[in-house]
Each structure stands twice: as C-alpha cells, then as structure tokens.
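Hi everyone, thanks for making time today. Let me put the sequence and the structure up, and then I'll walk you through a few spots.

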Amino acid sequence: MPFAIGLLCLLAAACALSSLVTQGQSYDWYAQTYGERTAAVILALHADDAYHSVWFIAISGFLCLNLLLCSLTRLPGLIRRVRAGRDPLSLSAGEATARVSGLRDPEAFFLRLGLRRIRKGQDPEGRELLAAARNAAGYAGPWICHLGVLLLIAGFALGQMTKQESAVWGLPGQTRMIEGTTLSVTIDDFQAARGTAGQVSQYTTAFTVTDLSDGRRESASAAVNAPASLFGRKFYQNSTGWGADVRVLKDGKPCQLEPLCVGEGLDIRDKEGLTVLLRGFYPDYRPGAGGIPGNASEEIRNPAYLYMAVYQGRVLGMNVLTAGEELTIDEYTVTFENPRLYTLLAVKQDRFTLLALLGGAVTLAGLGLALYFRPEKLQAVREPDGSWTAAGWCRKGGALYEERFLAAAKEDTKEVHPE
C-alpha cells in the first residue's frame, strides 16, 4: 500500500505537470513562453509530450502492476471471507455484537431484520437453532473498488498514450481531410444561434464524413458541449472564425473563385509563386490610432479584409480592402466578397474510453458494496422455557446495528431483556 500510494502521488504530479505545460509545441515556442532554461528542461523531461514519455508510461505500468498483484494476492483470502460470510452457523458466541433474550417469534424477528433465508439446526448443546446471514458480497467491495481503479488508470493511461487528435475547419461546402486517415469531412452547414439580446448562445455544425477507402458516409451535427460520434471518433465544436470568397480576374475575365478562411492563402493560377493571403477580417471596420485596423462591432456592417500579397517569397504588399475595393497585381484583379463564419471541429479518437468508463463503473459498484452491503449474521437458540435468545453480528456500524437489532426485538415482546 505505501508503494501504491507513492505511485499514485507521482502519477497525480505527472498529470498536473502535463496539464500545466502546453503539449506538442516547438522549442522556440516554449523558449518564448517560459524562457530558454525552462524550455530546455521541458524538452529534456519530454514534458512537451508527457503522456508518451518513458517516465509517465513507467509510473502507470508500475501502478497497474502493483494494483494487479495486490488484488491477486488478496483474492484467496477474499473468497474464504465471502464463503464464511454466507454461512450463518460460523458465528461464534464471542463475535456477537448484540444480544436479546425472551423472544417469542424468532422467524418474525429475522424478517424484521431483513433476513429471509433461515437455516435450521442445533447448537453444540443440542438446542434448536435458527440462523441466517446476508450481504456477504460486501466483503468484496474494497477488492472490486481496487479492480475498478486499476481499470480506470489503465484506460486513462493507454488512452492518453494512443489517442489521436486533429482538427478540420472550413466554410460550408468545403471538404477537408482528417490528417493521417482516409476520412474526409464536408461542412454541410454552420449556424450561430443568438439570444434575445443578440449574443451568441450556441454554435452548431452539420457535417458529413466519408471514408474514401470504401465510400461509406455518415452525417451528424456537433454543437458546443454536444459532440458527435462517427467512425469511432469524437467530433467537438471547438472554435469559429471568419472567412470569405476570393474572386480573381485575369485581364478582366474570371479566373478563380475560392473560399478562404482567415490565415489561409490562395495560389494564383498561371502565375507560379504568386499567393494572396487573407490575414484578417473586420466585420465593422473602423481604423484606429495610427491606422491600425479595428472593429466597431461584430455585426457585418462595413466589412474589410486584411490581405498580404507574396510573390516567390517576397511580400509585395499588405493592406486593408473594404467591400468593393480591388487589388491589382499585373494582369490580375483580386476582390474579397461574401464574408461568413467558418467552423473548426476538433477530432479525437481514444480507443480506451470504454475501458476507463468500465473502470469508473466498477469502482462505483465496489464503493456501493463496501458502503451499503454490510455483512450480517444472526442466530437464535430455543431456551428450555420455550423462549428464544438471539445473537447478532454486523461487520460495520456496530452501534447502529445494535440499535436496529433492539428495535426489532421490541416488536416481539415488551419483556425482552437486552444482555
């Protein structure tokens, strides 16, 4: 147990460290955020990918092994206790925690205490004996609870070590691939529900996932705090942003019309190396001090687009275009139009979620058995005068059990004498 507690503390510290350090970033990002020394320590300890690090796997493995061996070594003794707990005749005189004498109807007394399976026999002195037991399963509560913790830790650790996370984003009508898979996601619709005061109350994305390897298709909707499950993956409504259509004319003739999300770029056809990027969008554009672009509101009233034009790695220009304004680069004319929100879906796959859920359910079942199924035994012997003397035992809550024991006895006769 001390070793297991120490491992649990180490695992808790490891999880806390992993939650404090942003995962999966570069050295430059960590150096800029935490400083160069701290960044070096983070990378040396593999804290940038903690759940796949050797030390996290080792702690989890040792803890699971410890719990497994503890459970296995205690199993034979547990089986013996459960068997003994089911045998009411195994109650010895010295074990009894409550006694009464003078009972007239012992079977009714047994029923009032919740004991229905009554065994008949004789005590060592040859007197008539009634005996019953219940809740022997309560002995298994702590053991089952430990088993649940083992499954919970194993499910969490294996899930963190093997889970896959990615993201897809786009405007309605766009199709994006899930990185590292054969699955494509088509954004069918994206809605931002608003309350009476105009504030956004919910974001909802309707989308279709297609497995390009076999052509299977499934559709669903994901909203904030309401993920969708498709193809063994969870799709979470994670974020949103602005996008627009980019129209390109070449010598006054239509050349391209493509949707872009903020942060994306469009490579111009027939002009290798020329790219137009949509760097920002301002739904209600108001230039601020020093010409810095800003917003008067989040309503689309005076839309403006911050662009950057790059040719063969050299920035040609960067400025703000308002609705209807054009960007001219040689024979090309670029305009931005039809601004609208895009959606970003976080895609996660954890193959061991069910194992962790099973561990939680088993842990709760073990706690329920340990707390609410208190093993009890009751014996009653017939005295020479025809009355009965009863002796009871409860593994936990002896004072409460004695109180319930005597209350049940009072229902039998007012002449009962507690011993």
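A definition to begin with: a residue is buried under 20% relative accessible area, exposed over 50%, and partly exposed in between, using a 1.4 Å probe and protein chains only. Please keep in mind that this is a predicted model, where local features need pLDDT of at least 70, side-chain atom pairs count only at pLDDT 80 or more, and totals for chains, interfaces and linings use all residues. Residues are numbered from 1 along each chain as its sequence is written, and side-chain values use heavy atoms, with hydrogens and water left out.

So, is Gly273 buried, exposed or partly exposed? Gly273 counts as partly exposed, because its relative accessibility is 32%. You'll find Gly273 in the loop between β12 and β13; strands here are DSSP E runs of at least two residues, numbered from the N terminus. Beyond its neighbours within four places in sequence, Gly273 is in contact (heavy atoms within 4.5 Å) with Val310, Tyr311 and Gln312. Gln312 is 39 residues away along the chain, yet the two C-alpha atoms are 4.5 Å apart.

Now the sheet. Two strands pair if DSSP finds at least two bridges between them. The open sheet has 4 strands, ordered β12-β13-β16-β17, with antiparallel pairing. At the edges, β12 (265-267) and β17 (314-322) each pair on one side only. Between β13 and β16 there are 8 bridges, and Gly280 has Leu306 in β16 as its bridge partner.

Thanks, and I'm happy to take questions!
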